[in-house]
Each structure stands twice: as C-alpha cells, then as structure tokens.
Amino acid sequence: MLQNDNSSNTSLITQETIEEFFADQFKNTSYLLLSYKDKQLLKNGEFREFAQKLITETRYFIWAAAIGIITFAYFTIVAFIGYGADPNWFSLTFGLSLLLAFFLFTLYSAKYYFTFKSSMSLFIKLLDKQEKSNAPK
C-alpha cells in the first residue's frame with residue numbers, strides 16, 4: 001500500500017492506491033448509501049474532505065444506533081413480559097425475533113462504526129504524513 005523508494009520525489013500515497021483503498025472500503029457497503037455530494041467529493045479527488053465528512057457522519061450514526069439498541073431492548077423485554085403473563089406463541093416468537101434483531105443490529109452498528117472511524121482516521125493521518133514529506137524544505 002505504501003510506496004517506498006529512495007528517489008527525491010517520494011510519494012507515500014498514489015492516486016491508484018487511494019482508489020484501491022476506497023474500492024476496498026465500499027466492497028461490503030452499498031455505493032448507493034453515499035449521497036450525491038459524497039460521490040462528487042470522491043469523483044473530484046477531495047479525499048480528505050470525504051474522510052472527514054464520513055467521520056462526522058459516524059458520530060451521528062452511533063447516536064442513532066444507540067437509540068435503536070435501546071428501542072430493541074425495550075420491546076424485547078416487553079414481549080417477554082407479555083409471554084410471562086399470558087404464554088402464547090406470538091409473544092414468544094416476537095420476543096425471540098426482537099432479541100435476534102437486537103444482537104444483529106448491535107454487531108452491525110459496532111462493526112460499521114469502528115471500521116469506518118478507524119480506517120478514515122488512518123487515511124487522514126497518511127495524507128498528513130504525505131503532505132509533510134512533500135512540503136518544500
């Protein structure tokens with residue numbers, strides 16, 4: 001991923017490497033989830049702005065995920081209390097389905113948050129390092 005040669009024009013990140021990085025990042029994520037502005041930032045090569053925007057969006061996402069996790073937990077508990085008061089197949093099935101959704105939602109949201117937050121932070125650090133090495137001395 002890093003280019004390491006001893007020439008006077010050492011570049012840590014090439015355009016091809018950046019494109020491979022973003023292609024790899026969005027391999028498991030739908031490209032349709034990106035807004036028009038996000039696609040334009042990528043198309044115009046404004047990778048730092050895109051990474052910073054994605055980090056900001058992950059902050060909002062984690063708050064929405066926390067609300068979703070609390071909601072799933074609440075309705076799961078309510079369904080199991082309903083099953084305990086009046087045992088029937090619907091309350092049990094509904095409670096187990098919500099419990100499964102709770103765990104899947106928690107795992108997916110944590111994976112999304114930590115994957116994008118860490119990879120975009122690392123990407124920005126690499127861009128900073130490249131700018132420092134390319135700065136005139």
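Which residues have the most contacts inside the largest nonpolar core? The legends below take up that point and others for this predicted model.

**Figure 1. Overview of the protein chain, a predicted model.** The protein chain holds four helices and zero strands. Read from the N terminus, its elements follow the order α-α-α-α. The protein chain has 137 residues, and 29% of them count as buried. Take the contacts with a separation of 6 or more: 64% of these join residues 24 or more positions apart.

**Figure 2. The largest nonpolar core.** This core has 17 residues. Phe-22, Leu-42, Phe-47, Phe-50, Leu-54, Met-120 and Phe-123 have the most contacts inside it. Helix H1 (15-25), helix H2 (36-43), H3 and H4 each give two or more residues to the core. H4 supplies the largest share, six residues.

**Figure 3. Close-up of Phe-123 and its contacts.** Phe-123 is among the core residues with the most contacts inside the core. Neighbours within four places in sequence are left aside here.

**Figure 4. Packing of helix H3 against helix H4.** Two packed helices are described by the angle between their axes and the distance between the axes. H3 spans residues 47-85, and H4 spans residues 89-134. Their axes come within 8 Å. The axes cross at roughly 165°. H3 is therefore roughly antiparallel to H4, since angles over 145 degrees count that way. The crossing of H3 past H4 is left-handed. The residues of this contact divide into 29 nonpolar, ten polar and five charged.

**Figure 5. Packing of helix H2 against helix H3.** The axes of H2 and H3 lie 8 Å apart, at an angle of about 150°. The two helices are therefore roughly antiparallel to each other. H2 passes H3 in a left-handed crossing. On the H2 side, the residues are Lys-37, Asp-38, Leu-41 and Leu-42. They meet Phe-47, Glu-49, Phe-50, Lys-53 and Glu-57 in H3. By class, the contact residues are four nonpolar, no polar and five charged.

**Figure 6. Ser-91 in helix H4.** Is Ser-91 buried or exposed? Ser-91 has a relative accessible area of 14%, so it counts as buried, the cut-off being under 20%. With neighbours within four places in sequence left aside, Ser-91 is in contact with Ala-79, Gly-82 and Tyr-83.

**Figure 7. Gly-82 in helix H3.** Gly-82 is one of the contacts of Ser-91. Gly-82 has a relative accessible area of 28% and is partly exposed. How many residues apart in sequence are Gly-82 and Leu-92? They are ten residues apart in sequence. In space, C-alpha to C-alpha, Gly-82 and Leu-92 are 8.5 Å apart.

**Figure 8. Glu-19 in helix H1.** Glu-19 has 47% relative accessibility, so it counts as partly exposed. Glu-19 and Phe-47 are 28 residues apart in sequence. Their C-alpha atoms are 9.7 Å apart in space. Phe-47 also belongs to the H2 and H3 contact, on the H3 side.

Notes: Residues numbered from 1 in each chain as written. Predicted model: local features only at pLDDT ≥ 70, side-chain atom pairs only at ≥ 80, totals over all residues. Heavy atoms only, no water. Axes fitted to C-alpha atoms, helices over the stretch in contact; angles between N-to-C directions. Parallel < 35°, antiparallel > 145°, perpendicular 65-115°, else oblique. Left-handed = near helix turned anticlockwise from the far one by under 90°. Nonpolar A, V, L, I, M, F, W, Y, C, P; charged D, E, K, R; others polar. Core = buried A, V, L, I, M, F, W, Y, C linked by side-chain atoms within 4.5 Å. Buried < 20%, exposed > 50% of the residue type's maximum accessible area, 1.4 Å probe, protein only. Contact = heavy atoms within 4.5 Å.
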